[in-house]
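Please open the model in the viewer and keep the selection tool at hand.

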Amino acid sequence: RMFHDDELEESEKFYVGQPRVLLLIYALYNTLVARSEMVCYFVIILNHMISASMITLVLPILIFLWAMLSVPRPSKRFWMTAIVYTEVAIVIKYFFQFGFFPWNKHVDYTKDKPYHPPNIIGIEKKEGYVHYDLVQLLALFFHRSILKCHGLWDEDEKGDSSSNKEDTDDELSLTGGRRDSSASLKSVNLAASVESIHVHFPEQQTAIRRKSSSSISQLSHRSSFSSHRSKRDIFKNINRTTLSLYSLQCKLCDVKSHCGLCCFRTLQVYVPIRQFFYNLIHPDYSAVTDVYVLMFLADTVDFIIIVFGFWAFGKHSAAADITSSLSEDQVPEAFLVMVLIQFGTMVVDRALYLKKTVMGKVIFQVILVFGIHFWMFFILPGVTERKFSQNTVAQLWYFVKCVYFGLSAYQIRCGYPTRVLGNFLTKSYNYVNLFLFQGFRLVPFLTELRAVMDWVWTDTTLSLSSWICVEDIYAHIFILKCWRESEKRYPQPRGQKKKKVVKYGMGGMIIVLLICIVWFPLLFMSLIKSVAGITNKPLDVSITITLGGYQPIFTMSAQQNQLKSLDPNEFNEFLRRYRGNTAALQFLEGYAREDITRADLEGNSNSLWTISPPSRNKMIQGLLDFDADFTVVLSWTIQRSGIVIRKDYAQEAGQLNHCGSSKHARSVLPQTLEEVYPYYIKAPSDSLAKPIKQLLTDCKWENITVSLVKNGSEEGAREWWVLNQLGKRQKTPQESLELFIFSDKVSPPSLGFLAGYGIMGLYASVVLVIGKFVREFFSGISHSIMFEELPNVDRILKLCTDIFLVRETGELELEEDLYAKLIFLYRSPETMIKWTREK
């Protein structure tokens with residue numbers, strides 16, 4: 001052992017022998033040190049999420065448009081800018097905490113106003129105003145110490161000086177001085193820069209040149225590099241020449257005005273920014289990568305946050321529910337805008353990924369960063385009328401969007417992949433990829449939308465129908481490949497019967513599933529109210545009585561205190577009364593004590609009887625005619641939360657004698673109406689209220705008495721009717737009516753859309769539709785045997801992959817030939833058998 005060292009070996013043994021908790025702490029610290037710049041980014045974004053002001057807005061934008069786009073790492077200038085800016089922000093916030101400023105005198109009144117100027121700027125007075133800024137400054141100093149420890153803090157200055165020297169050498173070489181030595185020096189520096197790219201992107205196998213294929217020779221590669229390098233040098237010379245000419249023009253013309261100086265300063269800022277983005281879009285070398293899947297997942301998470309937390313993006317929808325809103329055919333505006341914007345950005349991102357245009361991605365990144373920050377921190381607080389720091393859902397959405405911005409910056413910095421082959425879920429052939437891919441295909445319209453977008457933004461000679469045909473064949477072959485691989489991993493010996501675990505596991509699960517589908521409506525409707533049902537007590541109970549179709553003689557309502565629930569003693573007495581009645585006890589099993597309400601209605605009608613004299617005379621004649629039928633109509637209306645149920649009942653009335661009376665006299669002649677009062681009412685969840693005959697004695701309704709009261713005064717005679725129930729449970733001396741309402745439980749709001757269909761509706765809309773798909777699966781197997789039972793699909797899978805490959809390399813004629821070969825293969829069963837034989 002040439003490099004053996006006893007001290008190093010003892011140190012390693014000592015380190016390995018430490019407790020696991022201590023080793024975990026060491027590992028976390030090393031991770032923190034290795035990704036200290038990510039810690040700084042996280043703290044800066046967290047500070048902005050908590051503060052949400054213009055002061056903290058600057059650094060997050062610089063992170064996504066400067067730091068994360070720098071190759072190979074952010075420069076010293078950025079970190080110094082972040083440090084100095086944080087220090088200045090701390091001083092400014094401290095200065096504006098003094099109480100003599102006018103806006104600090106009414107802090108409690110203005111602290112929750114989103115558009116209050118100090119709140120927008122970030123100079124409002126509050127407790128802990130500088131805590132997160134100090135943590136941010138601490139993280140920046142920690143990162144600076146790490147860079148200094150590894151000798152990377154002053155690397156940018158050395159790089160700048162060397163680049164300046166190269167630029168000077170280039171200018172001298174153009175005038176004829178020291179051309180050979182500068183060229184050799186640049187070649188050495190170029191090799192060193194290429195090695196640095198290899199070091200700082202270890203996850204990629206090779207650092208390749210953007211938009212270059214593997215078929216290009218080494219000579220063409222060098223020539224293209226020199227031409228590209230010359231373009232970059234020309235661009236730098238143009239920038240320097242522009243500034244020099246403008247400076248010279250100012251000197252010659254003796255322009256010392258403020259306008260000329262501002263224009264010169266503007267060019268000094270604009271030209272380096274333009275140079276930065278030009279170098280980003282046209283790099284010499286780049287370690288290409290593909291993080292589109294992670295960006296898509298981040299957008300999907302944001303989409304889910306919008307769907308389930310849409311109320312956070314509206315004004316007066318804090319307690320809204322998306323299910324109830326959609327069930328009422330109401331689409332919230334905030335929900336619609338956020339969904340369309342999120343979906344639109346996902347489509348644009350997919351288009352840029354397929355076109356592999358870095359310039360478009362850079363422009364999209366700049367627009368999206370400024371647009372999202374302007375929307376979230378200046379528009380949204382005005383829409384919701386609450387500060388961003390008080391909107392938890394919006395903060396979560398913004399944090400996930402920041403993750404997307406970081407991934408997008410990494411994609412821009414490294415470059416798009418040169419080839420995009422197939423779906424990212426089809427890279428391996430195992431159960432996980434199989435089920436995820438099938439779940440992906442089950443999402444409505446997702447597969448079709450992806451196929452059409454890929455066809456639109458990919459160079460191809462195939463028509464849309466041919467493209468979809470290739471995608472469908474590839475998906476089908478991938479699924480078969482996964483099943484064939486599973487059969488190889490878990491082989492089934494010949495002549496051996498299936499194990500009981502497989503038969504009862506798979507078969508038993510299918511049997512249980514089919515049984516549940518068949519009996520789902522009955523089980524659902526019976527359990528949803530008895531188990532998960534909610535008691536819905538009456539809010540208003542009204543009774544109206546009409547004689548012979550004339551004007552109602554009696555109207556009365558019971559509300560609030562007049563609607564009483566039964567106490568335990570009354571409920572037990574109620575059950576004890578029907579102890580021997582089987583039908584009544586069976587009915588009462590479906591109701592608990594809180595489901596029964598007793599309505600006490602006043603006996604005096606709440607409206608005067610204002611019948612016209614002709615109608616009054618006809619009514620008297622009808623009552624005196626014993627041979628003719630004269631009906632009494634008793635109707636009741638029960639109003640519950642969101643439900644109004646009404647029922648009318650007509651019965652032949654007994655003989656009512658007209659009571660005549662003199663002016664200024666009060667006379668009451670009560671008459672009995674037999675078996676007209678229901679007494680027990682069932683209030684179901686639908687719109688039809690029914691009397692309960694199981695609880696009546698001998699199925700006979702209750703008797704009531706009616707009497708007409710006439711009171712004369714100087715204003716004229718006033719008449720009204722008085723009703724009284726004879727067999728009341730609560731004995732009261734006053735005339736009154738008593739009504740018991742049995743309220744059915746209602747389904748919870750989350751399941752109300754299913755319960756509204758009813759049993760027959762669920763059978764028609766759910767069971768029959770699922771049964772149709774199940775029947776097609778069991779009855780259509782014979783028609784797909786030649787495409788399903790393929791022993792070896794490797795050659796077909798390779799043919800599909802070859803189509804993707806030649807399409808990406810631009811060999812469109814070869815794409816047509818391979819597609820024709822694939823179609824011929826599926827048209828010829830004999831050739832398909834030869835191609836899919838086991839090797």
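In what kind of contact do the side chains of glutamate 471 and arginine 450 meet? Select both residues in this predicted model: their side chains meet in a salt bridge, with an N to O distance of 3.9 Å. Glutamate 471 belongs to helix α20 (residues 464-489) and arginine 450 to helix α19 (residues 446-456), so the pair ties together parts that are 21 residues apart in sequence. Arginine 450 is buried, with a relative accessible area of 17%.

Remain on helix α20 and select lysine 481 and glutamate 485, which both lie in that helix. A salt bridge joins lysine 481 to glutamate 485, and the closest N and O atoms are 2.9 Å apart. The two residues are separated by four positions, about one turn of the helix. Both lysine 481 and glutamate 485 are buried.

Next, select arginine 598 and glutamate 570, whose side chains form a salt bridge at 3.7 Å, N to O. This pair links distant parts of the chain, 28 residues apart: arginine 598 is in strand β4 (residues 596-602), and glutamate 570 is in helix α23 (residues 568-577). Are these two partners buried or partly exposed? Arginine 598 is buried, with a relative accessible area of 6%, whereas glutamate 570 is partly exposed, at 25%.

Finally, display the salt bridges of the whole model; the count comes to 25.

Terms used: Residues are numbered from 1 along each chain as its sequence is written. This is a predicted model: local features need pLDDT of at least 70, side-chain atom pairs count only at pLDDT 80 or more; totals for chains, interfaces and linings use all residues. Side-chain values use heavy atoms; hydrogens and water are left out. A salt bridge is a side-chain nitrogen of Lys or Arg within 4 Å of a carboxyl oxygen of Asp or Glu. Buried means under 20% relative accessible area, exposed over 50%, partly exposed in between (1.4 Å probe, protein chains only).
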